Amino acid sequence: MLEISFIPAFKDNYIWLLTRGKRAFVVDPGDAAPVQARLEAGGLMLEGILITHHHADHQGGVAELKARWQAEVYAPGNESITGCSRPLSGGESIDVLGQKVTVMAVPGHTLGHLAYYAPGVLLCGDTLFGAGCGRLFEGTPAQMSASLDSIAALPDDTLIYCAHEYTEMNLRFALAVEPNNQALQARVAKVAALRAAGLPSVPLILAEEKATNPFLRCHEAAVVEAGLQHAASCLLGHAAQQGTDFEDRSKTAIFAAIRSWRNTF
Ligand code: ZN
Ligand code: FE
């Protein structure tokens, strides 16, 4: 079995380290230095790099690591990724240290964004976060909503390894959307204790996200009502705001309303 641990980078990034014995892969190495330090400390050999999307905090260390290790670089085929040697698209499978890994297309944060899935494990970059989701820099609400649906369809006990520690901040927003959600209240206390002890809130558990993450709950009555109310209050403030229909209760419309609310929260 693969072992998974994290290498902290920048302010709140997690670079995931996958190992089997002394063989290693890293996911989204935005910075080479902390990766190199960990490889040396563990006597590890870097065989491959998985990239979820093109942002600098996810691929900034690739050139340096590739020059040092000649590692294979797996990345979205339709994004500009330094040193990509294995361009990928959704639906393919690849071999990671003897483990079959399925490539999922999850557009939204960026158009080519990929996630990597093996039974029990999802590496999802900036698509899903603890109690939140990535900003829509390139994709549409419909695309992101569909990407989140494909993640929500995975087994409930799937552990989700996202690329940032944003859970505590996201939970404050989630509570504004669903103040009466008891699972959410319990999670706020749990994550506060973890973070106070200096521990990560990641990996996430899919079942817990489905119970507490507003972006996976756009079909729930409380989230629908909160989303519609927010969209309506925006309309009152900006009578000419385009594209917002506060009668539209579809999952995509509610997702769009919640996502734009989060942007200004
Ligand atoms: Zn990003
Ligand atoms: Fe990022």
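In which hand, left-handed or right-handed, does helix 5 pass helix 9? In this predicted model, local features are reported at pLDDT of at least 70 and side-chain atom pairs at pLDDT 80 or more, while totals for chains, interfaces and linings use all residues. Residues are numbered from 1 along each chain as its sequence is written, ligands are numbered from 1 in the order in which they are written, and side-chain values use heavy atoms, without hydrogens and water.

The crossing of helix 5 and helix 9 is right-handed, the near helix being turned clockwise from the far one by less than a right angle. Helix 5 (residues 167-177) packs against helix 9 (residues 251-263) at an angle of about 125°, the axes lying 11 Å apart. Helix 5 is therefore oblique to helix 9 (oblique angles are those left when under 35 degrees is roughly parallel, over 145 roughly antiparallel and 65 to 115 roughly perpendicular). In contact (heavy atoms within 4.5 Å) are M169, N170, F173, A176 and V177 of helix 5 with I258, W261 and R262 of helix 9.

Turning to the backbone, V202 and P203 are joined by a cis peptide bond with omega of about 10°.

Methods:
Axes are lines fitted to C-alpha atoms, for helices over the stretch in contact, and angles run from 0 to 180 degrees between N-to-C directions. Helices (H or I, at least four residues) and strands (E, at least two) are DSSP runs, numbered from the N terminus.
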